[in-house]
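Here is a short briefing for a first look. Keep the sequence and the 3D view open while you read.

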Amino acid sequence: MYTACVYEGERDEKGARHGSGKALLPNGDVYVGRYRDGLRHGKGVYAFKNGARYNGDWRQGYKYGQGVFWYPDGTRYEGEWKRDAKHGFGVYFYANNDIYEGSWKEDLRHGAGTYLYADTGTKFMGTWMKDRMEGPGQLVHPRHRFHGSWRSNLPYGRGCFIFENTCMQHGHYVHASPVHYDAASIPAEYKVVTEAGEEAQEGEKPEATTEAASSPGTDVLPVWRARCITSYDPELLPPEAEALREEASTESTIEKSEEEVSLKVEPYQDIQEYLEEEYREEYPYEKVSHETYVFTG
């Protein structure tokens with residue numbers, strides 16, 4: 001066990017670490033890189049005794065700027081940092097091969113971002129607030145997609161499903177008690193994984209830190225209420241997310257096709273009656289033409 005920090009490298013006239021150097025810390029961690037006025041500053045690699053590793057920019061002793069962090073469980077983050085926290089634009093690669101690419105704030109997903117679910121190929125493209133899906137977004141499946149809004153990681157309110165750009169099913173999501181529904185029916189894409197990593201400052205004992213849970217739990221379930229079906233018309237799409245994307249620090253790792261980027265238009269212009277009606281529990285269909293279906297009470 002190490003009892004003192006061992007440093008090899010350049011120093012300034014006052015004896016403080018300054019320039020290139022290597023430090024073996026009392027807890028077994030190792031830092032190799034640049035120093036300024038006794039603090040890690042510039043490019044450097046910090047290897048933790050538990051297997052984690054950071055390679056990137058430092059400023060006054062903090063991870064600050066561009067960098068890559070490898071966690072002990074094999075996950076990694078590539079992107080921007082601010083005072084030891086993920087902050088700005090970055091990409092997180094999860095242990096289950098899911099990928100989040102987008103904005104971060106104080107170690108949480110926050111702003112515009114895309115989450116790819118590796119097991120299904122489904123992508124969520126929308127806005128995040130404090131690590132949760134909130135506000136306008138899209139859920140893109142291999143053969144259909146959903147446009148709508150999210151609340152606490154679950155779809156909520158008006159939206160529409162689009163099937164291979166031929167027809168649209170309009171309706172809304174409500175949050176229901178699991179007493180009347182099977183909790184296991186929550187789709188996998190509405191459950192977002194969390195991450196865990198360990199890191200420590202120089203001379204301190206490493207402590208595990210786990211990010212806030214993103215799964216909404218089983219207190220509510222998203223239930224879709226269909227209203228009507230129309231032929232495909234981009235003018236009927238809900239409004240897109242307006243959150244500005246942070247300047248990219250890495251190239252996109254998630255391919256986006258043109259059909260997944262919808263036009264920003266006024267929503268549901270040709271079905272104004274749908275917007276004005278109050279929601280009801282049941283909506284029986286009545287076919288009125290070969291292109292449009294409406295509901296009657």
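How many salt bridges does the count come to? The count comes to six salt bridges. The model is a predicted one.

**Salt bridges**

- One of the salt bridges joins Asp 84 and Lys 63, with the closest N and O atoms 3.2 Å apart.
- Asp 84 sits in the loop between strand E7 (76–82) and strand E8 (85–93), while Lys 63 belongs to strand E6 (residues 62–70), so this pair ties together parts that are 21 residues apart in sequence.
- Are Asp 84 and Lys 63 buried or exposed? Both Asp 84 and Lys 63 are buried.
- Arg 109 and Asp 131 also meet through their side chains, in a salt bridge of 2.8 Å from N to O.
- Arg 109 is part of strand E10 (residues 108–117), and Asp 131 is in the loop between strand E11 (122–129) and strand E12 (132–140), so the pair ties together parts that are 22 residues apart in sequence.
- Both Arg 109 and Asp 131 are buried.
- Another salt bridge brings the side chains of Arg 76 and Glu 78 together, at 2.7 Å from N to O.

**A patch of positive charge**

- Which residues gather in a patch of positive charge on the surface? They are Lys 82, Arg 83, Lys 105 and Lys 130.
- Lys 105, one of these residues, has its place in strand E9 (residues 99–105).
- Lys 105 counts as partly exposed, with 41% relative accessibility.

**A contact in a loop**

- Asn 27 lies between two strands, in the loop that links strand E2 (17–24) and strand E3 (30–36).
- What does the side chain of Asn 27 reach? It reaches the backbone nitrogen of Asp 29, at 3.0 Å.
- Why does Asn 27 count as buried? Its relative accessible area is 16%, and buried means under 20%.

**Positive phi angles**

- Most residues other than glycine have a negative phi.
- Asp 37 is not a glycine, yet its phi is positive, at about 55°.
- Asp 37 is placed in the loop between E3 and strand E4 (39–47).
- At 55% relative accessibility, Asp 37 counts as exposed, because exposed means over 50%.
- Gln 60 is not a glycine either, and its phi is positive at about 50°.
- The loop that holds Gln 60 runs between strand E5 (53–59) and E6.
- Gln 60 is exposed, and its relative accessible area is 55%.

**Residues apart in sequence: C-alpha distances**

- Phe 89 lies in strand E8. Phe 89 is buried, with a relative accessible area of 0%.
- Phe 89 and Ala 112 are 23 residues apart along the chain, and 9.4 Å separates their C-alpha atoms.
- Tyr 54 is in strand E5. Tyr 54 counts as buried, at 0% relative accessibility.
- Gly 113 is found in strand E10. Gly 113 counts as buried, at 6% relative accessibility.
- From Gly 113 to Tyr 100, the C-alpha separation is 7.0 Å, and the two are 13 residues apart along the chain.
- Pro 222 is found in strand E19 (residues 221–231). Pro 222 counts as buried, at 16% relative accessibility.
- How many residues apart along the chain are Pro 222 and His 172? They are 50 residues apart, and their C-alpha atoms are separated by 9.9 Å.

Conventions. Residues numbered from 1 in each chain as written. Predicted model: local features only at pLDDT ≥ 70, side-chain atom pairs only at ≥ 80, totals over all residues. Heavy atoms only, no water. Patch = residues over 30% accessible without salt bridge, like charges linked within 9 Å, V, L, I, M, F, W, Y side chains within 5 Å. Areas by Shrake-Rupley, 256 points an atom, 1.4 Å probe, with all protein chains shown as cover. Salt bridge = Lys/Arg side-chain N within 4 Å of Asp/Glu carboxyl O. Lys, Arg positive; Asp, Glu negative; His and termini not counted. Charge placed at Lys NZ, Arg CZ, Asp CG, Glu CD. Helix = DSSP H or I, 4+ residues; strand = E, 2+ residues; numbered from the N terminus. Buried < 20%, exposed > 50% of the residue type's maximum accessible area, 1.4 Å probe, protein only. Polar contact = N/O pair within 3.5 Å; in protein donor to acceptor, adjacent residues only side chain to side chain.
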